[in-house]
Amino acid sequence: MKMVTAIVKPFKLDEVREALGAIGVQGVTVTEVKGFGRQKGHTELYRGAEYVVDFLPKVKLEAAVDDALVERVIEAIEGAARTGKIGDGKVFVSTLEQVVRIRTGETGKEAL
Amino acid sequence: MNALATAAAAMPNKGDVAWMLVCTVLVVLMSIPALALFYGGLVRSKNMLSVLMQVFVTFSMIVVLWFLYGYSLAFTEGNAFVGSLDRAFMRGMFDPLTGTFATTGTFSKGVVLPELLFMAFQATFAAITCCLIVGAFAERMKFAAVLAFMVLWFTFAYAPIAHMVWFWPGPDAYTSKALVDPNNLKAGLIWQWGTLDFAGGTVVHINAAVAGLVGAYMVGKRVGYGREAFTPHSLTLTMVGAALLWVGWFGFNAGSALEAGNSAVLAFVNTFSATAAAVLAWCIGEAVLKGKASMLGAASGAVAGLVAITPACGNVGLLGALVIGFVAGFACLWGVNGLKKLLGADDSLDVFGVHGVGGIVGALLTGVFNSPALGGPSFPDNWFTGELVKPENYSIASQVWAQAKAVLLTVVWSGVVAAIAYKLVDVTIGLRVSEEDEREGLDIASHGETAYHA
């Protein structure tokens, strides 16, 4: 099992969710986050005061998926979230040791 | 005979009374909620309620003080600097036994208003002037210290300056040529100088701006000033506030004519056009200098135009008003940028940059565009005949000098009173909240509540 974590532009969230649904991903957790990468921030000007905004808003998706599905999940996220411009985000994949479905007590693949 | 005698005594005109009641309410709207929202949107969300409270309670307190003694100090005969206590506790304004209301003059012979109405209208001016100061020391001053300062400054700066600029015996006192000079000598000092201030460029805006600037110096900079971002938490509310200020300002300026007549219409139209011109000027200035025109810039431009047209609104011509608006938009844009850096004070919401600079620009240009040669309505030569100064006799230079003297006196008077008042409050109550409270935000630290719940 793998945990796929993706940071994407907020306005791409719906497209990513549809693409993941289409390949059979059963669940995704979404968080609004802020951060910086190569896109850097921007400056805001309020009368005479100029502020550098370092952290830009992004959306973080987390999906626990079966090993067999990982490559297609990555492709789906890439395809849906790409604009070709700097700041499109990243996908991180890590090994997932255990999953438990709280309602039934199922564990492992059964619980995905 | 009796009927004739009654008819001869001037009675308030119902149209004037209705108009001035509406204007009074419009100026109430300028403080609460307009100014409160305009300022509130500009602070961080943790200080939103503190700004709303400082404006709301200052407003209420000054209205009470105005009725108790402020009106009397400002608008009764005394010396050239301050009035008397003849009207303290509203004495003599209303006699319930006979059902009579005292009347007061306007700017036309034989046209009067109930004095209570004039008092109420002027109460809103005193109150908003004090509320304006809040913007300069927002986000760091103790609530009790704000109120204590307001009591002192209102009593020793607002009331005297209002008396000096606006108190005069009224047109009906000028019943003969021989009485012109003696009557003039009963007026306030700045009125005697011949300064024109239709709705309060000196009394309201320069007065408040200087008190604010002194406060910004004496209270000190906000924790994190220059290192942390103090971004406005809701420019939406700031826009709502600025727009409501514009609406209310029609009551402020056109109401200062004291009658529902031509003078009010002139003030109304000039308030309309100068403000619109200032919005455009500020936005053009921003677009040229910084590449983008901003909502905060447009809202600030509106206030700059409103401030600058205040002394001028009934005293200048139609094109003069547009020029004043344009100039004020650019000047105040400089006020919150270049000038602010020069002054080095943390005037949180740019009270001096907008109200000080706009007020001075408006006061001086009133002396220029009042001239009939530049389309202005001129002013009465003397109040016995009511004849206006003719174009060939009008001196722009001497009128601008009369305006400048009023500006200088207001700056010095307000500045000195403010400095003493802040000092007194500092040694008794203390001006600032603790650094910990400032970090937490004044909403919780000073008022025990939160503006927004996520």
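This is a predicted model: local features need pLDDT of at least 70, side-chain atom pairs count only at pLDDT 80 or more; totals for chains, interfaces and linings use all residues.
Residues are numbered from 1 along each chain as its sequence is written, and chains are lettered from A, with ligands numbered from 1, in the order in which they are written.

In chain A, 4 strands make up an open sheet with antiparallel pairing, in the order β2-β5-β1-β6. Strands are DSSP runs of E with at least two residues, helices are runs of H or I with at least four, and both are numbered from the N terminus. Two strands pair if DSSP finds at least two bridges between them. β2 (29-35) and β6 (89-95) of chain A are the edge strands; each has a single partner strand, so one side of each lacks a neighbour in the sheet. From one strand to the next, the twist averages 20°.

β2(A) pairs with β5 (residues 56-65) of chain A over 7 bridges, in the antiparallel sense. Opposite A:Lys34 stands A:Pro57 in β5(A).

In chain B, helix α2 (residues 14-42) packs with helix α9 (residues 235-255) at an angle of about 155°, and their axes are 7 Å apart. Axes are lines fitted to C-alpha atoms, for helices over the stretch in contact, and angles run from 0 to 180 degrees between N-to-C directions. α2(B) and α9(B) are therefore roughly antiparallel to each other, a term for angles over 145 degrees.

Definitions and conventions. Angles under 35 degrees count as roughly parallel, over 145 as roughly antiparallel, 65 to 115 as roughly perpendicular and the rest as oblique.
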